[in-house]
Amino acid sequence: MNARAIVLTLVLCLVGVAVCFAADASMGTWKLNEAKSKLSPGAPKNNTVVYEAAGDNVKVTIDGTDQEGKPTHNEWTGKFDGKDYPVTGDPNSDARSITKIDDRTLGFNVKKGGMVTISGRIVVSADGRSRTVTTSGTDSKGNKVKSTVVYDKQ
């Protein structure tokens, strides 16, 4: 995968997780707003992110397409307590940690092999209708990556 594709995939995954931690308003289904997002050409896309309660945890399910247009699916279940929780289905990460900054903002780290590869923030709009995920980090090839992705609540 190219660096931009890896970063986009991680960012979208983290956005999903971070929004879950922000507030009850972040629960539900979020769809990618490609027109408002800054996506790299050929990068994978997380088209739908679903946040739902799973006991006293939050489960985040992300469905999209990779850079070749093939379907992708990954899941994360955990709490917004800053601790690492495992990710399944994402070849670019094996753990994510999310920290609640305020009622609408989450900070997150994506890890692979215990090393942070992507960091970012997820901010839910004041009206709760959209969220913006900003990320930065290093891809698997050592290239610096950044992205800004917008989602609309369904």
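Strand 5 (residues 81-88) and strand 6 pair in the antiparallel sense over 4 bridges, where two strands are said to pair if DSSP finds at least two bridges between them. Strands here are DSSP runs of E with at least two residues, while helices are runs of H or I with at least four residues, and both are numbered from the N terminus. Strands of a sheet pair through backbone hydrogen bonds, either parallel or antiparallel. The structure is a predicted model, in which local features need pLDDT of at least 70 and side-chain atom pairs count only at pLDDT 80 or more, although totals for chains, interfaces and linings use all residues. Residues are numbered from 1 along each chain as its sequence is written, and side-chain values use heavy atoms, with hydrogens and water left out.

Within this pairing, Ser97 of strand 6 is the bridge partner of Asp84. Ser97 belongs to strand 6, which covers residues 95-102. Is Ser97 buried or exposed? Ser97 counts as buried because its relative accessibility is 5%, given that buried means under 20% relative accessible area, exposed means over 50%, and partly exposed lies in between, as computed with a 1.4 Å probe on protein chains only. Leaving aside residues up to four places away in sequence, Ser97 touches Gly82, Lys83, Asp84, Gly107, Phe108 and Asn109, where a contact means heavy atoms within 4.5 Å. Between Ser97 and Gly78 there are 8.5 Å in space, C-alpha to C-alpha, and the two are 19 residues apart in sequence.

The hairpin of strand 5 and strand 6 has 6 residues between the strands, and in this hairpin Gly89 takes a positive phi near 90 degrees.

10 strands close into a barrel in the order 1-2-3-4-5-6-7-8-9-10, with antiparallel pairing. From one strand to the next, the twist averages 25 degrees, where axes are lines fitted to C-alpha atoms, for helices over the stretch in contact, and angles run from 0 to 180 degrees between N-to-C directions. The protein chain has 1 helix and 10 strands, and along the sequence these follow the pattern α-β-β-β-β-β-β-β-β-β-β. Of its 154 residues, 46% count as buried.

Strand 9 (residues 130-138) has a covered face, made of Arg131, Val133, Thr135 and Gly137, and an uncovered face, made of Ser130, Thr132, Thr134, Ser136 and Thr138.

The largest nonpolar core has 22 residues, and those with the most contacts inside it are Val49, Val60, Trp76, Phe108 and Tyr151. Such a core is a set of buried Ala, Val, Leu, Ile, Met, Phe, Trp, Tyr and Cys residues joined through side-chain atoms within 4.5 Å. Strands that each supply at least two residues of this core include strand 1 (28-32), strand 5 and strand 10 (144-153). Arg131 lies over the face of Tyr151, at 4.4 Å from the ring centre; a charge sits over a ring if NZ of Lys or CZ of Arg is within 6 Å of the ring centre and within 35 degrees of the ring normal.

How many aromatic pairs are found in a search of the whole structure? The search finds 2 aromatic pairs, which are set out below. Rings of Phe, Tyr and Trp (its six-membered ring) pair if their centres lie within 6.5 Å, and planes under 30 degrees apart count as stacked, over 60 as edge-to-face and the rest as tilted.

| Ring pair | Centres apart | Angle of planes | Class |
|---|---|---|---|
| Trp76 and Phe80 | 6.4 Å | 5 degrees | stacked |
| Trp76 and Tyr85 | 5.8 Å | 85 degrees | edge-to-face |

Trp76 and Phe80 are buried, and Tyr85 is buried as well. Ring pairs link Trp76, Phe80 and Tyr85 into a cluster.
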